[in-house]
Amino acid sequence: MLEDFQDVLTVDEACEALRIGYNAMYELLNTGKLKAYRNGRVWRIPKVAVQDFILQRVNP
(Lines give C-alpha, C1' and ligand atoms only; values in the text may rest on other atoms or scores of the structure.)
Protein backbone atom coordinates (compact mmCIF):
# COMPACT_ATOMS: atom_id res chain seq x y z
CA MET A 1 0.00 0.00 0.00
CA LEU A 2 2.73 2.48 0.99
CA GLU A 3 5.77 0.65 -0.35
CA ASP A 4 7.39 3.82 -1.70
CA PHE A 5 7.64 5.40 1.76
CA GLN A 6 10.11 4.88 4.62
CA ASP A 7 8.95 3.31 7.90
CA VAL A 8 8.57 6.75 9.51
CA LEU A 9 6.96 9.55 7.53
CA THR A 10 7.16 13.31 7.76
CA VAL A 11 4.03 15.45 7.66
CA ASP A 12 4.66 16.16 3.97
CA GLU A 13 4.93 12.47 3.15
CA ALA A 14 1.86 11.58 5.21
CA CYS A 15 -0.14 14.29 3.45
CA GLU A 16 0.95 12.86 0.12
CA ALA A 17 0.11 9.30 1.17
CA LEU A 18 -3.36 10.24 2.42
CA ARG A 19 -3.90 12.90 -0.25
CA ILE A 20 -4.97 15.51 2.27
CA GLY A 21 -3.81 19.03 3.07
CA TYR A 22 -1.71 20.31 5.94
CA ASN A 23 -4.67 21.63 7.95
CA ALA A 24 -6.43 18.28 7.80
CA MET A 25 -3.21 16.47 8.74
CA TYR A 26 -2.52 18.66 11.76
CA GLU A 27 -6.14 18.21 12.85
CA LEU A 28 -5.68 14.42 12.76
CA LEU A 29 -2.38 14.68 14.66
CA ASN A 30 -3.58 17.11 17.32
CA THR A 31 -6.77 15.14 18.03
CA GLY A 32 -4.91 11.81 18.16
CA LYS A 33 -6.92 10.26 15.34
CA LEU A 34 -3.63 9.53 13.58
CA LYS A 35 -1.05 8.04 15.93
CA ALA A 36 2.28 9.85 15.77
CA TYR A 37 4.97 11.33 17.95
CA ARG A 38 6.88 14.57 18.09
CA ASN A 39 10.64 14.83 17.93
CA GLY A 40 11.09 18.36 19.21
CA ARG A 41 8.90 20.47 16.99
CA VAL A 42 8.73 17.92 14.18
CA TRP A 43 5.99 15.32 13.84
CA ARG A 44 6.96 11.77 12.88
CA ILE A 45 4.25 9.42 11.69
CA PRO A 46 4.89 5.66 11.58
CA LYS A 47 3.84 4.09 8.28
CA VAL A 48 1.93 1.45 10.25
CA ALA A 49 -0.17 4.22 11.84
CA VAL A 50 -1.10 5.56 8.39
CA GLN A 51 -2.06 2.07 7.23
CA ASP A 52 -4.15 1.52 10.38
CA PHE A 53 -5.87 4.88 9.88
CA ILE A 54 -6.80 3.96 6.31
CA LEU A 55 -8.11 0.53 7.32
CA GLN A 56 -10.20 2.03 10.14
CA ARG A 57 -11.86 4.39 7.68
CA VAL A 58 -12.58 1.58 5.23
CA ASN A 59 -13.87 -0.88 7.86
CA PRO A 60 -15.63 1.19 10.55
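The protein chain exposes about 4,400 Å², of which carbon and sulfur atoms supply 48%; accessible areas come from the Shrake-Rupley method with a 1.4 Å probe, and for residues only the protein chains shown count as cover. The model is a predicted one, in which local features need pLDDT of at least 70 and side-chain atom pairs count only at pLDDT 80 or more, whereas totals for chains, interfaces and linings use all residues. Residues are numbered from 1 along each chain as its sequence is written, and side-chain values use heavy atoms, with hydrogens and water left out.

**Overall form**

The C-alpha trace of the protein chain spans about 35 × 25 × 20 Å along its principal axes. Its radius of gyration is 11 Å, which agrees with the value near 10 Å that a compact globule of 60 residues would have; the radius is taken over C-alpha atoms, and the globule rule is 2.2 Å times the number of residues to the power 0.38. Buried residues make up 30% of the 60 residues in the protein chain, where buried means under 20% relative accessible area, exposed means over 50%, and partly exposed lies in between (1.4 Å probe, protein chains only). Among contacts between residues at least 6 apart in sequence, 45% join residues at least 24 apart, a contact being heavy atoms within 4.5 Å.

**Helices and sheet**

The protein chain has three helices and three strands, and read along the sequence they follow the pattern β-α-α-β-β-α. Helices (H or I, at least four residues) and strands (E, at least two) are DSSP runs, numbered from the N terminus. The three strands form an open sheet in the order β1-β3-β2 with antiparallel pairing, and its edge strands, β1 (8-9) and β2 (37-39), each pair on one side only. Two strands are taken to pair if DSSP finds at least two bridges between them. β1 pairs with β3 (residues 42-46) over two bridges in the antiparallel sense, and three bridges join β2 to β3, which also run antiparallel. Leu 9 has Ile 45 of β3 as its bridge partner, while the bridge partner of Asn 39 in β3 is Val 42. β2 and β3 form a hairpin with two residues between them, and Gly 40 in this turn has a positive phi of about 70°.

Helix α3 (residues 47-58) packs on the sheet, touching β1 and β3, and its direction makes about 65° with that of β3; axes are lines fitted to C-alpha atoms, for helices over the stretch in contact, and angles run from 0 to 180 degrees between N-to-C directions.

Val 11 lies in helix α1 and touches Tyr 22, Met 25, Tyr 26, Leu 29, Trp 43 and Ile 45, not counting residues up to four places away in sequence. The C-alpha atoms of Val 11 and Leu 29, 18 residues apart along the chain, are separated by 9.5 Å.

Arg 44 and Val 11 are 33 residues apart in sequence and 7.0 Å apart in space, C-alpha to C-alpha.

**Accessibility of selected residues**

Arg 19, in the loop between α1 and α2, has a phi near 55°, a positive value in a residue other than glycine.

| Residue | Relative accessible area | Class |
|---|---|---|
| Val 11 | 7% | buried |
| Arg 44 | 26% | partly exposed |
| Arg 19 | 72% | exposed |
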